[in-house]
Amino acid sequence: MVRNYIKRETAAFFGVDPMQEEAQRARWVDRRKRLATRRYGDLKDEYAIAPSLPSTPVTPVTPYAMQSRLARPDVLPQSGTQDVTDAARWEEPPVRRKESVAKMTFSGVAYVVSRLARQRAREPTLSRTLSRSIQPAAQSESATPSVRYRAQSPTLCSVQEPFFDVLTRDSRDLGDGGGAAAPSGELSHLLDSSAAASAPAPAAAAMQQRMGVGDAVDSNQSMPYHFQHRDRQPKWARQNTFSSGDSSSREVGMSRIGNSFLERAFDNSDRRQYGMGVVGKLFGRSLKRSVARQPRVREQLEDIEDHRPYFTYWVTTVQILILFISIACYGFGTIGFNLNQRSGLVLTTSLSLKQVDYSEPANFWIGPRAADLIHLGAKFAPCMRKDIKILKEIDESRLKERNTACCIRNDESGCVQSSRSDCSYTIETWKKWSNGNVGPGGRISGSVCGLDPKYCEAPASIAPYEWPDDITKWPICRKTNSRGSPQRRFQYKDKAAEHMVCEVIGHPCCIGIHGSCEITTKEYCDFVRGYFHEEASLCSQVSCLDDVCGMIPFLSPEIPDQFYRLWTSLFLHAGLFHLVITIVIQYFLMRDLEKLTGAFRIGVIYMGSGVAGNLASAIFVPYRAEVGPAGAQFGLLACLIVEVLNVWPMLKRPGHAMLRLLGITLFLFVLGLVPWIDNYAHLFGFIFGFLLSYALLPYVSFGTYDRQRKIALIWVCLLSCLFLFAALFALFYVIPVYDCEICTYFNCLPLTRDFCAEQNINLKRDDGLV
């Protein structure tokens, strides 16, 4: 049962289900026609889409009589046959057009605002009164003269009064102006709107004279524009379809309904008219006539079968939020095209001010620095795998650190861990353990400033967890016993404990994006924007690469494992300009594609192309931080090209559409020659997007469509994607490529000397005292 269900749903997803092939294929053809009309140009005459709406938009209104009959089972149906006019009123309204996500969101906000503002009574204005579908049941005394004048017009009375058997006060007052009041039955026939409209001109004049209005109002045309009454039937007024002489055909009921109830139930003057935007309704209700007159809106080319672009809106929203949060947390880097030079006087471990210069590449996209982007999740190969070059540098630095010792200043101003060459012979003492001067437990590796297994309680150096005779393997001491505490620091004058009682002025600082470490002061580390570790004494006790990469810490400090950077970098951008390019591409290309394919298919193509492109980029340019959905965007371009090839016979100018897509592709390839944009991601993203499009898009094939040929094409494309991804995975982990000088020219063209400079920090120090 489950197996058959999965098999059936899978066949329907790929469009190879023989039971639904005819209907689903017709639906996909209609969608492709609409996409081709929006993106590729006009269709041929035999494939043209017929307009689904008339040239003038008409808003159908369901009569109140139909609503009343459906909701009132106690009202008997009218005898006799319906005429053509009455039958037209009972027609079903057309299917409503499916609203967009943004429109539904703004509608919800408009509803909340209208509900909050509904409690406040507003003064009735003339424009509000004219926009009502029905006339108000009563006019307030504070109404404007024009409104009161309209309320007393004979047309209004002729509309409202036939609904009731008993005359209201207003009708009796009007009747008194011309003579005695007529009986209710006679007056209801005399005031009937349909009868008045069909009566000859003399009879109509006599009727006005009987009502007492005389020459007060000749016609609507003799009144000013803002006083004219628009003669339209209220939605709650019943239509009198029987003749004046046939009393047997009258309907049952006809009891009076309270005016206050009708006023609240049918007050739709605040409705949103056709072509009026939701925002315009919230702020002044201005009519967007430019939208209402557009042929696309009037002809309604988009059908209800199109998908909603949920994935496009979601991924774009996430990308916008992440960039603004990144800028709020890390700020902007230096804007420009060359290296950013910075210099200053910094306090070093020699307790003197020295001139320190360093440089790092600028960011012309107006965004964060390269180190900050890596910390946020950019594509960076050293954070995703063990890098031989970086591990070699770390091993060399640890070999040098193994031969270091605590350099103590003779004036007791402090101490720092350094090599023998960096420790002065005159003003400092280099305390190094040796065979003739062994340390605790007979150790000859050391000493270390502020760290000794003899004075550490956690973790304690006891069997079988004794600290080895190698300072590069010593842990960080979390708790020191009383003999090594600062309170008793100056009580010990024994030379064996000098390295424990001196004030440590240097700690490890991780600098740059390659994880280099130096023992230096906090002022120096902050100046070069490094990561200062005050809790550690040696560089071997910290993982600088973990600090550079950020995000989730490595499971093992020596093995980088952040493989998820292949898809986290899709949501990052190098700056504001980069984000604008992404939004434009996704709005004009990805949104229409998702309307055709749906969220799942476009999501697989987008993420699959982006991940594969980033993996290829990590292979060929491993030491450059790259961000953005470059590979995913080229996957979308490949999908559009596949669609152009599929609808080629339908288009009037298919070559023009293909040249336009190829021009966009070429422009983005040229854009990939600048820093932060990756052409390897472009190339492999296009390849994966092309293969995934032929596999996932139903009823797309080479040549004439055939179901068996489509099944074979699906298997070939999916297996090709898996094989290509496995090959890239093997090149990244099994047979890694570290140095490829030629590969860098395809990814970044050095227009200037420092245009494609290394993203790492380059230090330059002057040793002269200041």
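Guide: A helix here is a DSSP run of H or I with at least four residues, and a strand is a run of E with at least two. On that basis, in this predicted model, residues 657–677 are 71% helix and 0% strand, with end C-alpha atoms 26 Å apart.

Visitor: Which residues does the UniProt annotation "transmembrane region" cover?
Guide: According to the unreviewed UniProt entry, the annotation covers several spans, including 566–590, 627–645 and 657–677. In the model, residues 566–590 are 72% helix and 0% strand, and their end C-alpha atoms are 21 Å apart. The protein has 30 helices and 11 strands.

Visitor: Why is H26 called largely enclosed by the rest of the structure?
Guide: Buried means under 20% relative accessible area. In H26, 15 of the 17 residues are buried, so the helix is largely enclosed. Over the protein, 42% of the 770 residues count as buried.

Visitor: How do you know where the largest nonpolar core lies relative to domain 1 and domain 2?
Guide: This core has 87 residues, of which Tyr40 and Trp365 touch the most other members. Domain 1 (310–324 + 564–747) and domain 2 (340–366 + 388–482 + 497–549) both give residues to it, so the core lies between them. Another core, of nine residues, lies apart from it, with Val346, Tyr358, Cys509 and Cys525 among them.

Visitor: Which residues does tryptophan 365 touch, not counting those up to four places away in sequence?
Guide: Among them are Phe577, His578, Ile581, Leu671 and Trp676.

Visitor: What makes S1 and S2 paired strands?
Guide: Pairing requires at least two bridges. Strand S1 (residues 339–347) and strand S2 (residues 353–361) have nine, in the antiparallel sense, so they meet the criterion. Serine 343 stands opposite aspartate 357 in S2. The two strands form a hairpin with five residues between them, and leucine 351 in the turn has a positive phi of about 60°.

Visitor: Why are S9 and S10 said to stand at the edges of their sheet?
Guide: The open sheet has three antiparallel strands in the order S9-S8-S10. Strand S9 (516–520) and strand S10 (531–532) each have a single partner strand, so one side of each is left without a neighbour in the sheet. Strand S8 (residues 507–511) pairs with S9 over five bridges. Histidine 507 has threonine 520 in S9 as its bridge partner.

Terms used. Residues are numbered from 1 along each chain as its sequence is written. This is a predicted model: local features need pLDDT of at least 70, side-chain atom pairs count only at pLDDT 80 or more; totals for chains, interfaces and linings use all residues. Side-chain values use heavy atoms; hydrogens and water are left out. Buried means under 20% relative accessible area, exposed over 50%, partly exposed in between (1.4 Å probe, protein chains only). UniProt positions are given in the numbering used here, feature names are shortened, and annotations may be inferred rather than shown by experiment. A nonpolar core is a set of buried Ala, Val, Leu, Ile, Met, Phe, Trp, Tyr and Cys residues joined through side-chain atoms within 4.5 Å. Domain bounds come from an automatic or database domain assignment. Contact means heavy atoms within 4.5 Å.
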